[in-house]
Amino acid sequence: MQRALNGVVEARGGPPGVFVVVQRKGLYENFEAGVAKVGAEKAPARSFRIASVSKAFNAFLAVLLERQGKLSLNERVHDAIPGVLPKAENVTLRQLLQHTSGIPDYIRAPAFVERFLADPTGYLAPHELTGFVRDTPLEFQPGSRYHYSDTDNIAAALMMEAATGSSYAKLLETETFGLRNTTLPSDPVMPKPFIHGYEVEAGKKPEDVSEAISPSGAWASGGIVSTLMDLTRFAQYQMPLLVKRALSLKGAFRRGSSSPPGPGRNFAGLGIFRYVTACGTVYGHTGSFPGYRILLAGTADGSRTVAFVVNAQVVPGQGSPPALAAILKAQRRAVCRALAPRGDL
């Protein structure tokens with residue numbers, strides 16, 4: 001395990017550091033290589049941006065609200081938030097969470113890109129995010145195929161706010177059961193101490209981008225800040241409810257990759273993915289945000305989990321091949337360690 005993590009930071013174009021918590025039936029193991037802050041060898045490390053791992057939190061809240069009788073996975077966008085996405089009136093909450101809605105991804109909309117480049121640290125309200133694709137036709141008939149879209153999770157969170165009369169940030173605070181270091185900030189300031197995130201390029205000094213971008217542009221789709229231990233607890237105690245609900249749905253998982261891809265073969269489900277590896281199957285989500293790449297995964301019952309973060313956005317399309325390969329190797333090794341019997345290491 002340690003050799004695999006060392007390989008991540010030693011790879012050409014690799015991140016300054018990698019940090020992992022592996023949990024096996026209540027046994028917690030902490031691993032790390034490299035540094036949380038360049039130039040500060042022993043800098044404390046705790047908070048970081050979890051990016052699209054936020055989508056697992058989003059789906060968990062939806063399933064929890066369904067259990068409480070406040071929302072249904074079959075509820076339509078038009079009925080819950082009329083006028084917000086008029087081209088997607090008949091899309092259901094389930095289709096949003098499964099990325100089968102056909103709603104275009106606002107992040108790829110020219111108007112969003114222009115707004116973001118003009119003011120990367122500026123605040124964007126949730127309705128502004130959906131507004132970037134409000135009048136854009138659906139890409140396909142809802143339910144007919146899978147296509148990863150951040151707009152889906154924004155719309156799902158707005159439906160939760162409408163159903164409860166509470167803000168999404170408040171729902172996150174009150175319904176995730178004691179994850180005290182998990183927040184949804186609206187500005188770029190990170191809670192201290194934090195794992196610094198970097199832009200890396202082989203042969204150049206890493207550039208700290210930890211607080212260079214407002215997370216409001218990702219909101220419920222990718223704006224959460226958390227810690228390795230909070231993510232571990234979520235995978236242990238909350239995510240199993242989500243996995244159970246996903247497995248209860250006919251055709252819940254279909255071939256499709258998270259972004260960035262997770263270890264093994266990837267299958268998209270209800271706000272989470274199934275990762276089928278050589279060592280066994282886990283459920284979870286990956287994420288990437290400028291400065292960070294994350295994996296959260298666990299067994300269906302939460303008894304074995306992996307929380308994994310590197311402090312650079314080393315992802316397909318913008319990362320060096322050696323670093324990309326080293327990260328996937330380390331993630332696979334972490335999953336195998338989590339799934340191994342406690343005495344068989």
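Trainee: Which helix and strands each supply at least two residues of the lining of the second largest pocket?

Mentor: Please note that this is a predicted model. As a general idea, rolling a probe the size of a water molecule over the atoms shows where empty space is left. Here, the strands β1 (17-24) and β2 (27-34) and the helix α9 (228-248) each give at least two residues to the lining of the second largest pocket. This pocket holds about 320 Å³ of space. Among its 21 lining residues, Phe-19, Glu-32, Ala-45, Arg-46 and Leu-228 lie nearest the centre.

Trainee: What is the volume of the largest pocket, and which element provides the largest share of its lining?

Mentor: The volume of the largest pocket is about 1,000 Å³. Its lining has 34 residues, and Ile-107, Asp-150, Ser-288, Pro-290 and Gln-313 are the closest to the centre. The largest share, four residues, is contributed by α5. By class, the lining consists of 16 nonpolar, twelve polar and six charged residues.

Trainee: How are α2 and α8 arranged, roughly parallel or roughly perpendicular?

Mentor: Two packed helices are described by the angle between their axes and the distance between the axes. In this model, the axes of α2 (residues 54-67) and α8 (residues 168-175) cross at roughly 75° and come within 11 Å. Therefore α2 is roughly perpendicular to α8, since angles of 65 to 115 degrees count as such.

Trainee: Which residues of α2 and α8 meet?

Mentor: From α2, Phe-57, Asn-58, Phe-60, Leu-61 and Leu-64 meet Tyr-168, Leu-171, Leu-172 and Glu-175 of α8. This contact comprises seven nonpolar residues, one polar and one charged.

Definitions and conventions:
Residues numbered from 1 in each chain as written. Predicted model: local features only at pLDDT ≥ 70, side-chain atom pairs only at ≥ 80, totals over all residues. Heavy atoms only, no water. Axes fitted to C-alpha atoms, helices over the stretch in contact; angles between N-to-C directions. Parallel < 35°, antiparallel > 145°, perpendicular 65-115°, else oblique. Contact = heavy atoms within 4.5 Å. Nonpolar A, V, L, I, M, F, W, Y, C, P; charged D, E, K, R; others polar. 1 Å grid on protein atoms, 1.4 Å probe; cavity = no way out; pocket = protein on both sides within 12 Å on 5 of 7 lines; lining within 4 Å. Points joined across faces, edges and corners; volume = space filled by probe spheres on them.
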